[in-house]
Amino acid sequence: MHNIYLDNASTTKTYTEVLESFTKASIDYFANPASTHKLGLLSDELLTKARKQIAKYFQVKDNEVIFTSGATEGNNLAIKGVMYQNSSWGKKAITTKGEHPSVLKVFEELEQEGFSVTYLDYDKEGKLDLEQLKNSLDDKTSLVSIMAINNETGYIFPIEECYKITKRYSKAIFHTDATQAVGKEPIFFPYDLLSFSGHKIGGIKGSGALIKKSGVTLKSQILGGGQEFNLRSGTSSLPLDVSLATAIRLSFNSLESRRSNVLKIRDYLYSTLSEIEEVEIISPKNSSPFIFSFALKEHKGSVVMEALSNRGIYVSTRSACSSREKGYSYVIKNAGYDDIVASNAIRLSFTGNEDLEDIKIFVNELKDCLQILKKER
Ligand code: PMP
């Protein structure tokens, strides 16, 4: 039985060093950072240090880092925070049809409350309709939220261009869900708000941050003791915050080597999978090399996933958050694929630390599964 994990866009294995930093902070700095006695002050110093470290890697100011429980919370806070804060003048928002449910469901709720939302199109190459963005912006638009990298296909949306268009044609705040970009792409593009999760980069589940540039005012969604600059009340989880700083340091410092390894893996997958007749490759060549999506023309993704899982190879049918729901992938369908491709998609996702030999095993096992499934038909 193999043990080959290729589902890193869902979550990653936590780095040992991250766990060590979590444990050390839990034991040595257990006091509440808001307490004003000596132990509390020491905890607060460590919290400030963790925030500073993260700020350095994102090249932002210390007070622009807001700790959250992950991208879902960050996306909710960014979107609701902007829309409620500016509801007196700007009840319009723009996003894309390919966003994660933690963005789309928030917008759906806002629509029910009387806000209006435009959903941008994109095509099979992952090309976002920028003309539509430009034409949808007006003086009532208070938020544009566009993901940096799509979690099912790896599509890279042009954040810098979207930001520039947004600022040129409106006074809207620009938010990006960068969950699949942080630790995988250098974050050079401009933004006002950026959310991500720690557990996608070797961090602990339940850790994350929202980067909020100075000058952006959000309506807080959790009220209480006023922690995190009044934006996220509740006793700080110092161990999680410290562990996030460690995960950021480790993943940012290893970015180049992981990237060059994953590019080799991606090239190998393109050349070998395109030779298999039943395979239709979904991820275009210009997508993130950390996500590789393909469909099998005649077999349900869930059936192939299960067959591989029985052999100790772990892939995903689409985003883990929606893979238990029946039906097709809306992300793939909205790109212009038919229901069959959208229902049969399989996603491989990498940290960049994978061994090419394991990827070769995956390809051989996939071929073998396909032979067996063909006979069973
Ligand atoms: N956005 C994207 C693009 C994601 O891939 C995910 C995780 N699948 C999320 C948001 C939500 O992250 P979390 O579940 O860690 O809150």
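User: What should I know about the model before reading it?

Analyst: The model is predicted: local features need pLDDT of at least 70, side-chain atom pairs count only at pLDDT 80 or more, and totals for chains, interfaces and linings use all residues. Residues are numbered from 1 along each chain as its sequence is written, and side-chain values use heavy atoms, with hydrogens and water left out.

User: How many residues surround the ligand, and which are the closest?

Analyst: A residue is near a molecule if one of its heavy atoms lies within 4 Å of it. Here 14 residues surround the ligand. The closest are T72, D177, S197, H199 and K200.

User: Which classes make up the shell?

Analyst: Ala, Val, Leu, Ile, Met, Phe, Trp, Tyr, Cys and Pro count as nonpolar; Asp, Glu, Lys and Arg as charged; the others, Gly among them, as polar. The shell around the ligand has 9 polar, 3 nonpolar and 2 charged residues.

User: Which helix gives the most to the shell?

Analyst: Helices are DSSP runs (H or I, at least four residues), and strands are runs of E of at least two; both are numbered from the N terminus. Helix α3, residues 71-85, gives the most, with 3 residues.

User: Where are polar side-chain atoms placed against the ligand?

Analyst: A polar contact is a pair of N or O atoms within 3.5 Å; within protein, one must be able to donate a hydrogen and the other to accept it, and residues adjacent in sequence count only if both atoms are side-chain atoms. T72 places a polar side-chain atom 2.6 Å from a ligand oxygen. T179 has a polar side-chain atom 3.4 Å from a ligand nitrogen. The protein covers 88% of the 400 Å² of accessible area that the ligand has on its own. Accessible areas come from the Shrake-Rupley method with a 1.4 Å probe; for residues, only the protein chains shown count as cover.

User: Is L42 buried, exposed or in between, and why?

Analyst: Buried means under 20% relative accessible area, exposed over 50%, partly exposed in between. L42 is partly exposed because its relative accessibility is 34%. L42 sits in helix α2, residues 38-58.

User: Is L133 buried or exposed?

Analyst: L133 has a relative accessible area of 0%, so L133 is buried. L133 belongs to helix α5, residues 130-136. L133 and I94 lie 39 residues apart in sequence, with 7.5 Å between their C-alpha atoms.

User: What does the side chain of T68 reach?

Analyst: The T68 side chain reaches the backbone nitrogen of G70 at 3.1 Å. T68 is in strand β2, residues 65-68, and counts as buried at 3% relative accessibility.

Technical notes
Buried means under 20% relative accessible area, exposed over 50%, partly exposed in between (1.4 Å probe, protein chains only).
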